[in-house]
Amino acid sequence: MEDEVDRLVAAWRRERPDLDVEPLEVLSRVSRLARHLDRARRIAFSEVGLEPWEFDVLTALRRAGAPYQLSPGALLTQTLVTSGTMTNRIDRLAKKNLVERLPDPNDRRGVLVRLTAEGRDKADQSLAGLLIQERAILAELSRQQRGELAGLLRRLTGPFDNIPG
């Protein structure tokens, strides 16, 4: 079964036979898949009235376990945004009653961000919707193939995820 990447690679091989375009065979497909995944995420999140960034913050708190709270610094680490961006996101989520700020009992100057009951419901609903979308994307692969692909992608992304700073 030929796809758009096969056609793109064939054209480059014809036009630039002096270049090894093999990386395009993998990474162009990853890039195209990322666009399809982004579209699926937006569909799943819009069904519960969330933006992708809201999902990221709410589910970071939800994964923390009861009482579903983290410091803003821990949220920064998990969502890979700047401090100013995180402050803005927490403000916006607080206005929607999805999170609340609490004093940190271990740091008089610090705060904790806690998921509200409504925030927890939104996180749970959006995750369920996302998993439906993601299962549809992966439907062509067997369980074994999904495991193999996950291992290969882990090997590719691992060095990026483990860079200090």
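How many nonpolar, polar and charged residues are in the lining of the largest pocket? Keep that one in mind; we'll reach the pocket soon. One thing to know before you click anything: this is a predicted model.

**Stop 1: the whole chain**

Start with everything shown as a cartoon. If you trace the chain along its sequence, the order of elements is α-α-α-β-α-α-β-β-α-α.

Along its principal axes it spans about 65 × 35 × 30 Å. The radius of gyration is 20 Å, whereas a compact globule of 165 residues would come out near 15 Å. Colour by burial next, and 25% of the 165 residues show up as buried. As for contacts with a separation of 6 or more, 45% of them are between residues 24 or more positions apart.

**Stop 2: the largest pocket**

Time for some empty space. Rolling a probe the size of a water molecule over the atoms shows where such space is left. Here, the largest pocket holds about 1,100 Å³ of it.

Select Arg29, Leu33, Ile137, Leu138 and Leu149 to centre your view: of the 24 lining residues, these lie nearest the middle of the pocket. Then bring up helix H1 (4-15), helix H2 (22-46), helix H6 (117-137) and helix H7 (143-161), the elements that each give two or more residues to the lining. Which of them gives the largest share? That's H2, with 8 residues.

Now for the opening question. Colour the lining by class and you get 15 nonpolar, 2 polar and 7 charged residues.

While H7 is on screen, pick out threonine 157, which sits in that helix. Threonine 157 is partly exposed, because its relative accessible area is 37%, and the cut-offs for that class are 20% and 50%.

**Stop 3**

Select phenylalanine 45 and phenylalanine 55 and show their side chains. The structure holds 1 aromatic pair, and this is it: the ring centres are 4.2 Å apart and the planes meet at 20 degrees, so the rings count as stacked. Phenylalanine 45 belongs to helix H2 and phenylalanine 55 to helix H3 (residues 52-63), so the pair links distant parts of the chain, 10 residues apart. Are these two phenylalanines buried or exposed? Both are buried.

**Stop 4: along helix H3**

Stay on H3 and select glutamate 54, which lies in this helix. Its relative accessible area is 3%, so glutamate 54 is buried. Apart from neighbours within four places in sequence, glutamate 54 is in contact with Gly49, Leu93 and Lys96.

Next, move to leucine 61, also found in helix H3. Leucine 61 has 0% relative accessibility, so it counts as buried. Show what surrounds it: setting aside residues up to four places away in sequence, leucine 61 touches Tyr68, Gln69, Leu70, Leu75, Val99, Val113 and Leu115. Aspartate 38, on the other hand, is 21 Å from leucine 61, C-alpha to C-alpha, and 23 residues from it in sequence.

**Stop 5**

Begin with alanine 66 and proline 67, which are joined by a cis peptide bond with omega at about 10 degrees. Proline 67 is in the loop between H3 and strand S1 (69-70).

Carry on to leucine 80, in the loop between helix H4 (72-79) and helix H5 (83-95). Leucine 80 isn't a glycine, yet it has a positive phi of about 55 degrees. Why does leucine 80 count as exposed? Because its relative accessibility is 75%, and exposed means over 50%.

Finish at asparagine 97, in the loop between H5 and strand S2 (99-104). Asparagine 97 has a positive phi too, near 60 degrees, in a residue other than glycine. With 43% relative accessibility, asparagine 97 counts as partly exposed.

Methods. Residues numbered from 1 in each chain as written. Predicted model: local features only at pLDDT ≥ 70, side-chain atom pairs only at ≥ 80, totals over all residues. Heavy atoms only, no water. 1 Å grid on protein atoms, 1.4 Å probe; cavity = no way out; pocket = protein on both sides within 12 Å on 5 of 7 lines; lining within 4 Å. Points joined across faces, edges and corners; volume = space filled by probe spheres on them. Helix = DSSP H or I, 4+ residues; strand = E, 2+ residues; numbered from the N terminus. Nonpolar A, V, L, I, M, F, W, Y, C, P; charged D, E, K, R; others polar. Phe/Tyr/Trp six-rings, centres within 6.5 Å; stacked < 30°, edge-to-face > 60°. Buried < 20%, exposed > 50% of the residue type's maximum accessible area, 1.4 Å probe, protein only. Rg over C-alpha atoms; globule rule 2.2 N^0.38 Å. Contact = heavy atoms within 4.5 Å.
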